[in-house]
Structures are given as C-alpha cells and as structure tokens.
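Good morning, colleagues. Please look at the chain on the screen while I go through its sheets, its helix packing and a few details of its backbone.

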Amino acid sequence: MAMDKTFDATEAEARLYAAWEEAGSFAAGANARPGADTFSIMIPPPNVTGSLHMGHAFNNTLQDILTRWHRMRGHDTLWQPGQDHAGIATQMVVERELAKAGDESRREMGRDRFLEKVWEWKQQSGGTIINQLKRLGASCDWSRNAFTMSGAPAAPAGEDGNFHDAVIRVFVEMYEKGLIYRGKRLVNWDPHFETAISDLEVENVETPGQMWHFKYPLADGRTYTYVERDEDGAVVFEEERDYISIATTRPETMLGDGAVAVHPSDERYAPIVGALCEIPVGPKEHRRLIPIITDEYPDPEFGSGAVKITGAHDFNDYAVAKRGDIPCYRLMDTAARMRADGASYAEAAELAVSVAKGDRTLSETEADAVNLVPDDLRGLDRFEARARVVEQITEEGLAVMVPPTDPRLGTGAPVAPEEGGEARDEQLVPLIESKPIMQPFGDRSKVVIEPMLTDQWFVDTTQIVGPALDAVRDGTVEILPERDKKVYFHWLENIEPWCISRQLWWGHQIPVWYAPNPAGGTDWHHVCAPTEAEALDKLRVLWGDDAEFRVTADEGAALDLFRAYIDNWTDEGAIRQAQGPKTIPVFRDPDVLDTWFSSGLWPIGTLGWPEDTDELRRYFPTSVLITGFDIIFFWVARMMMMQYAVVGERPFDTVYVHALVRDEKGKKMSKSLGNVLDPLDLIEEYGADAVRFTLSAMAAMGRDLKLSKDRIAGYRNFGTKLWNACRFAEMNGVFEGHRTQDRPPRATATANQWIIGETAKVREEVDAALGAFRFNDAANALYAFTWGIVCDWYVEFSKPLLDGSDDAIAAETRATMAWVLDRCLLMLHPFMPFVTEELWGTLGTRDTMIVHGDWPEDRADDCVVPAAEREMAWVIQLIEGVRSARAQMRVPNNMQVPLLVSDLDAEGRAAWEANAALIRRLARIDSLTETETFPKGTVTIPVGSATFGMPLDGIVDVAAEMSRLEKSHAKVEKEVAGLDKRLSNPKFVESAPEDVVADTRETLAARREEAMTLETALARLRELG
RNA sequence: GGGUGAUUAGCUCAGUGGUAGAGCGCUUCGUUCACAUCGAAGAUGUCAGAAGUUCGAAUCUUCUAUCACCCA
C-alpha cells in the first residue's frame, strides 16, 4: 500500500497516544533493563485550575525529551505527573462558578459545603491540563498522577492519597523542632480575597501616582533654622521653620505614623532630632505627637529627606519601626477599609501620645488593638480616606504651598512669566507632584495589595537554609545555566521568614488547636498535633484528665461558650474557680497552608512519603528538575530547604532552568496584550511534533525564545521531509522484510560506508548535547543530519545504486538505508514522538513500538571509514562545483553536458570510478574525458588537485565566466593572504597548538592549489578573449 | 537606585580564543519517477562603539551607548 504524501497529524496523534497508554508504555520502569540506572523527573505541578500555555508546552516538551531518551536507553524511568491545588486560584474559580450559577456565595454556604463544591469542581474540571499535556505527547506515568490535596479529610472517593498526611506531618514535625512559629509580621495582604499572599502573587506595576507634601508642625511651638547648602557648603537657602516637611504617596497612612525619620547625616534636621512633631490630621484637640528619629533608611536626596514611619503599612517603614522600637498602628480591616473597631479616637490618640512621650509602652497585641482612625473616617474605603485626609490637611493650611509655576507640579502647570506665561497674582497652590509610582497588585484579584500587620504562621527559614545553600555551593546539586545560581544564592542568603498561612478555605488546614490558657491571659493557648484527638490529649495534660472539651466551629463560638460561665476569662482565679461543668472550648486554626508549602514536598510526597515506599527508594532523590526561572526561589529553593529539613536529602541532582517563551516581537505573552499563542491551536494547525521540535530547536540555554508561526511551519515541513524520505525508501523496497537491526550492515559501496559513519557521528553529537541539556544542539544536529545529509545527499546517492545492475550493491544499499532511517526515527523520537512512531509502525517488522525502541549506541570510532569520508567529500565538492557553474552559466537544467578533466591524481581517479554513476546523475554529466588542454569556451571547476572543465563553446559567455572566476579567485586569494600572514608570524607557530598550526598549513596549501587552478583558467580565457 | 543579561545576515537566533553559521525571508532557475510542506544556484555581516589582554578576539577585561528582565 502506497504511503500518503504527508503525515496526517490530526488523525494519528490521538490514535498513537491511546496505543502508548494502552500498552502501559509510560509506566514507571517500563522498558527498563535489569539493573539499569534510574532516571526520575517530577513535573512542576501545574495549577489544577490551569490550562496549557506556551510555558507549559516548552517546559513539558523538554521533560518529555529527556524522559523518552532515558526510557529508550533502557533506564528505569519515571516521569511523575500531578497538579497542585492552587488555593487562591481555585477558590476564585469556584466562587465565580457559584456566582454564575446563581448559587449561594461562599460565605453563605459555609466552609464545609463550599469545600464540597470545590471538590466537585476539581473532579469535573481539574483534569483539563492533563488532557492537554497528552495532546503534546507528554509521556508521564499518569497512573501515578498526584495532587497536593489528595487524602484531605473532606476528599471524596477517588481522591485518596498520602499528600495531606505528608503535609500535616511535616508541619507538626517542623513545629516541634521549633522551625515553625506564629507571629505578627507585615505581610502582603490581598483586600479582595482577604488573605495573606506570597511575594510571587504580587505584581509590581508602575502606575501614575501623586506625591503630596505636608507640614508636620513641631510640638510646643518649637522652631529651628532650616538651612540648605550646595556641594561646597555654601548656604543656598535658609529660613526659620516651625515644621518638618514630609512627602508621601499615601496620605491615609499618616494616621498610623509612629515617627518621622531622617538620615543621621542630614544636617538640615539635626537640630530637631529627638523632638516631637504633630501629625497634621485628625481632630485638632487630639492631635497625635510622634518623635523625630534617625535611621539609615531615609535618602537625604529624595523629597525633603524626612520620611514618615508607618510600621503597620509599609515594608521599609516596618523595618525602621523594628529598629527604632516604634509602635505599629494598624489602620485598616481585612477588606482594607479604615478600621471601625475599638475605642474612640480620643481615647486611642491619648494612649498613642503617652507612648510617643515615653510614658508607657505597648505590647504588639496592645498596639494592634489601638484604632487611630478618626471617628469621621472610620469605615471608609482607603482611597476615599486618602482624599479626605488630603482635603483636611489642605484646609488647615498644612500642605506645602508653591507658586503655580513650580516645575514639580508637572505638565499641567502654567508657564512662568519669565518663560512667556502670563504674569499672575502670587497665589500659591498645594505641592502635589504627579509621578509614576510602583504599586503592588494582586495577580489574581488585580486590587492594590496592602502591607498589613497580621498574625500569621511562619517558617523560620534561617534555621533550614544552610543545607540548601551548601548543596549548590559544593556541587551536590547543579543549577543550570550557571547564572541562575546567582539568583538562588542571592535569595537564600537574604532569606526572609516564610509566611505559610493563608486566610482561605481551600487548602491544608493548619493542625493547631486553641483553648483558653488555664494560667489566664488574653491570648489563647495553642497546641499542634496531627489530629484533633491528639490535640485534645495534649490539652488534657494542661487542663487535667477530667477536663471536658468542646470543639467549636470558630473562635467566636469558643468565646461565646466560655463567656457563658466565666465573666473575666483572662483572670486565672476566675477560671480555676469556675463552678459547674468545666466545658473547655477548643477551636482549630481556621487558616490553611500556603500552596507552596505542600508543593515544597512534591519530590517526596509524590513518591508516597511518609510511607517507606519502593518508589521512594528507587526514584528519590530525583534526577532532574526542569522549571522556569520565575519560580527559582519560590519553589526550587523551598523544595531544597524542605527536603533537607524533612528527609535530610537533596530533592534532585540537577535543576535546569529554562527561559520564557515570548511572542515573535519579544513581548511577554499576556492575555491583556492579546499576543498569546495557544499551544493547542498550534498543535491543531501544525501537529504536536512541529510545535515540540520548534521549542527544542530554540531552547538555547538561558535565552528567551521568540516564537513565530513561520518557524513552526518550517519544522512541520521537516516532519514531511522525513516522512517522504521514508516514503521513497518504502517505494524502493527498502523496508521489505526489514527487521530492526542493532548493528549497521556491512557496506562495500563508499556512499553506504560514508552514511553509516555520519550516522554514528550524529548519534554521539545528540547524546552529548542531551547529556548537557543542550536541547537546541541536539535538535539542530538531527535536523541538519536528516535533511542536509540523509535527504539531500544519501537518498540521491542511493538512486543509481538501487537502480543499478549490481544486485548485491542494491541489496546492501537497501539494508543501509533501512538502518539509517531507523536511526533517524529512533533519535528523533524524543523530539517528534508521533510521526516517528507512525513511520516505525508502518515500515518493517518491529518487536516493540518505537517508544520502547533501543536508543542507538553506535560509535564513530567503529563506524567511520576515513577513506570513504574523504572520497564522498570529493564527490560532493565536484557535484556542487558543476552545479554551481551550470547555474551561473545558465546551462539549461535538462541538458546533459560532457566533462573534461586534467591533473586527475590516483585518489581522484578512484573516486570518480567508484562514484561515476551518481556524479553523472546528480551533476547531469554525460561523459568524462581526460585531456591536457581545455578548448576555447571551457568553464573551469577546481576540485582538489584536479581541474574539471565543461566545454561550453557557443553557450558560454566569456565575460561572465571571467567575472565568475575572478570572484572566486579574489575570495581564495584573500584567504591565502590571511593564512600566509598568520603562518609567517613566528609567534603564531611558537604559541599556537600544533594541530592548529598543521591545520592552517594544510588549508593554505589547498587554497594555494585552488588559486593556481583559477589563475591558469583565467590566463587561458584572456588569451582567447 | 541595585542586580542580571542582551546587542552577530532583512527577520529570529546559534556560535566559551583559531579568521563567522542555521532557519525563515529575498533573487534566479526548475512540475522527470520521495517530497512544491520540494529541488538547484545565489546575494547579504566593520559580530553595537571604543580601548585593552593575546601570535590570534564575535568569544576574555574595562568603559560607553541602547534594550530587556528581575529586585527595591
């Protein structure tokens, strides 16, 4: 049956993938030889809400190439797939679905029912990306598909697994080792989702903003002389001031200021350091006073050089506040509205002032309880509050005023009279600079992130960072490319505590239970345990065996229960003496763990830890992690820390960090730009093989790749080329009765010997490239070999051999071609799994599918025949010379021409004789005649020491031939001159390596010979001309 | 502001010290029996600029310019 002219990817891909799955081809250990090395690779788990984008396609193509390559080599291979539960994203998706369906909201239905809905959604839609990865050809062991929420308490049937237990166990163990603690720290707070989020989930975007300048009056009517000096110390400005000037982009946070800071070296403010100043907002009678302090943080060059310090709402300020022991006053609630809780502003302000004056101190909790939002601003949205604050300050005359022509006012400012503007009254306006500011946005919610002081759980990363750093420093773990090590080190060397709690419902609930403290006090006592029963046991130790606990839904319910019989629960005596049944309320921490905390356990969790499974012993530590640069610290570094902290072992040997896929203009693909290329669309249009090959051919280490459809089409054509080479072979009976051969056939024909050697050479090249993660080198080597050598030359060479009269040679050529094409298919399989599998199955008799084919091990040393290599190089040079001359002399394509030759040496003669048939066919030569002298109108073609000539008298244009030869001659002469110059430099001969010198000499000799031939030819033409 | 990287053919990019390559595009020619998703031939470069190290620099060093990304 004749093959089609092209490969029908659409039809074949699903069929072939199904066949692989049916046969269990991707199962862990499939195709492994006894005692083989193991190779394991963990998929970076895509979000369960995710769908395949170009980054996934790239990342997984690379993983699949390595996986298929190792599997074919007979290694015990595992590619472990799975998804992570993506707390915030999934919760968002499900909430949106509920809203769309007109269902109750999350809060209305409550935690348990909402989680049921999430699981329902997961079971219905959570497999999207799996099917998309299959479209790409990913050869994961899907039977082992993992999920970071598997085995969670509410998980429905079919969602069992070890992950929940693993996560909880790690939390408890780390807690018990003192690696996890609860504390109040500044975190990125998403006011829309009302949860802490990680740095990764924050996008800093430059947005047009404004900077207001306000006066903070000095307390008690104090004044000082404000002096500005130029570089030489000369006074350029001097005035008496009763205030300090502050610039801010967020006036609403002034309400929570704890101090004003200036740089210790800033002489302008030296006279007032230590003094108190007034926050110029809030009711006049309760103005708060705050101290002026020094800190290294303020930049004297920026703004006025003085910075207001709002520890509870800014990361830099928080650090200053910590250093200077400045209280942090939280101003907003979880939705970023101005707080409306607690005592009146009058009381709060009074308290704050006594703190500022040093009359009393506040604990963190006490400070947090103080609500310094003036009564009229309470409950307002933060942006509304901003407007009101600005308005109030300006009304009071405490905004810094400037002439309307001040350049800082921006483009809207009128032109000064001296610059051609109209003269006007000396009316001053508030200084409001318009300038771009970097603002943090939630990547999911798109609202402005608020730094917020909240109670959270933290991993004390400084305690576990050591081994993670050492492993990369000493080479136990390799990070490629080299430069990404710097990113890794930089982040880990400056590591911050890791906030692992999230105020979400979808996730692993923190295994901590709270109960009143029998010793009294305002804070709950907490215990950490894997289960509620064990937590209660621990509480029983504290409360006595007879204590009766009741686990309540939340903190509120616990308080209600407790207050029902104890008025003052912070008083130890009251607790101890309580009458009646001692029902102790207990509630579980409502928060869940950061998704990254569970993904941090991915390498061991997917292999069944904490059980001591066979897979864990076989595949851990894993071989390679392939991931994007954007999560080096968020995921790679955390896996390193956690694997060492939990099992004391590296998670992987090598981390290969790949770059970003961009659009053809180099822009990051983003939905808002509309430049997204959907890999599934591309697979539809060009086939998965073309998409994969494009990505691998462009995967130069550490470089972003700009993807264009033209490029993909080019590689689709490559698949067609391969297909048609096989089609040609098939039509010539090459695969009739063919069985896969391990060893190359014994070849006598030079062309056959040559191609066998070339095949072995490319095999070594591909293995070396893949071993070094140089995917582009491997792909390009295979492309150049398959198209440029096999199709362009070998297939052409084979034609006269197959058609010839020598049956033995024809048979040998068929065997060689079958072997070579098999090699192409095998080596291309990791890159283009579908078309190679299809061809493999179509041609010849096979013991296994190519997915389990034996990866070639041919060695160039065994296969290359140097004489054949030289001979074919000579043949190719001759053919190209003739073709080039013909084209330039405009010899009609279908015209057979005679060929003359002089100075043919023995080797050349042998080469001609052995390959006459194919030279004649490919160069369209009808005869070869040896001669001493070329007749008039002969075109000259130098090949080695011989000079070939095409007598084209009457056809040839002498002038054209002259210019053709002159051009070649000039080029050769230029080369000769360069080489000669080099060789005549004694220092070159002394210092360059021997082989380089020898090579140079050889090249020079050859070029000289060629130049002479050309000179002779030119001289002859001149005589005739 | 700090860090990292880039700048090579018209475009997109390879190229870790030995005198520059690929794909696409472009020009010319070609439907004969694998393939027009093809074949043959061809043109195109001060390797961003300057200085240095070296027998020799696209490659190493320094500076400059421009761009990109990450972090503040």
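This is a predicted model: local features need pLDDT of at least 70, side-chain atom pairs count only at pLDDT 80 or more; totals for chains, interfaces and linings use all residues.

Strand E5, residues 180–190, is joined to strand E6 by three bridges, and the two run antiparallel. E5 and E6 belong to an open sheet of four strands, ordered E6-E5-E18-E20, with antiparallel pairing. At its edges are E6, residues 195–197, and E20, residues 498–499, each of which pairs on one side only.

The loop between E5 and E6 contains Glu194. Its phi is near 55°, a positive value in a residue that is not glycine. As a reminder, most residues other than glycine have a negative phi, and most peptide bonds are trans.

One runs from Leu480 to Pro481, with omega near -10°. Pro481 lies in the loop between strand E19, residues 478–480, and helix H12, residues 483–493. Another cis bond joins Trp609 and Pro610, with omega about 10°. Here the proline, Pro610, sits in the loop between helix H17, residues 602–605, and helix H18, residues 614–619.

Let me return to the strands. A further open sheet has three strands in the order E10-E7-E17, again with antiparallel pairing. Its edge strands are E10, residues 243–248, and E17, residues 432–442. On average, neighbouring strands of this sheet are turned by 30° against each other, if direction is ignored. How many bridges link E7 and E10? Strand E7, residues 202–217, pairs with E10 over six bridges, in the antiparallel sense. Trp212 stands opposite Thr248 of E10.

I turn now to the helices. Two packed helices are described by the angle between their axes and the distance between the axes. Helix H21, residues 688–697, packs against helix H22, residues 709–731, at an angle of about 115°, and their axes are 8 Å apart. The crossing of H21 and H22 is right-handed. From H21, the contact residues include Val691, Phe693 and Ala697, while those from H22 include Ile712, Tyr715 and Phe718.

My other helix pair is H23, residues 750–771, with H25, residues 807–828. Their packing angle is about 10°, and their axes lie 10 Å apart. H23 is therefore roughly parallel to H25. The crossing of H23 and H25 is left-handed. Asn752, Ile755, Ile756, Thr759, Arg763 and Val766 of H23 meet Glu812, Thr813, Thr816, Val820, Arg823 and Met827 of H25. The residues in this contact of H23 with H25 comprise five nonpolar, four polar and three charged.

Finally, a word on confidence. Chain A has a mean pLDDT of 85, and 93% of its residues reach 70 or more. Where in chain A is confidence lowest, and where is it highest? The lowest value belongs to helix H15, residues 572–576, at a mean of 54, and the highest to strand E2, residues 76–80, at 96. The model as a whole scores ipTM 0.93 and pTM 0.88. Thank you for your attention.

How values were computed. Residues are numbered from 1 along each chain as its sequence is written. Chains are lettered from A and ligands numbered from 1 in the order in which they are written. Axes are lines fitted to C-alpha atoms, for helices over the stretch in contact, and angles run from 0 to 180 degrees between N-to-C directions. Angles under 35 degrees count as roughly parallel, over 145 as roughly antiparallel, 65 to 115 as roughly perpendicular and the rest as oblique. A crossing is left-handed if the near helix is turned anticlockwise from the far one by less than a right angle, and right-handed if clockwise. Two residues are in contact if their C-beta atoms, placed from the backbone, lie within 7 Å. Ala, Val, Leu, Ile, Met, Phe, Trp, Tyr, Cys and Pro count as nonpolar, Asp, Glu, Lys and Arg as charged, and the others, Gly among them, as polar. Two strands pair if DSSP finds at least two bridges between them. pLDDT is the predictor's confidence in each residue, from 0 to 100.
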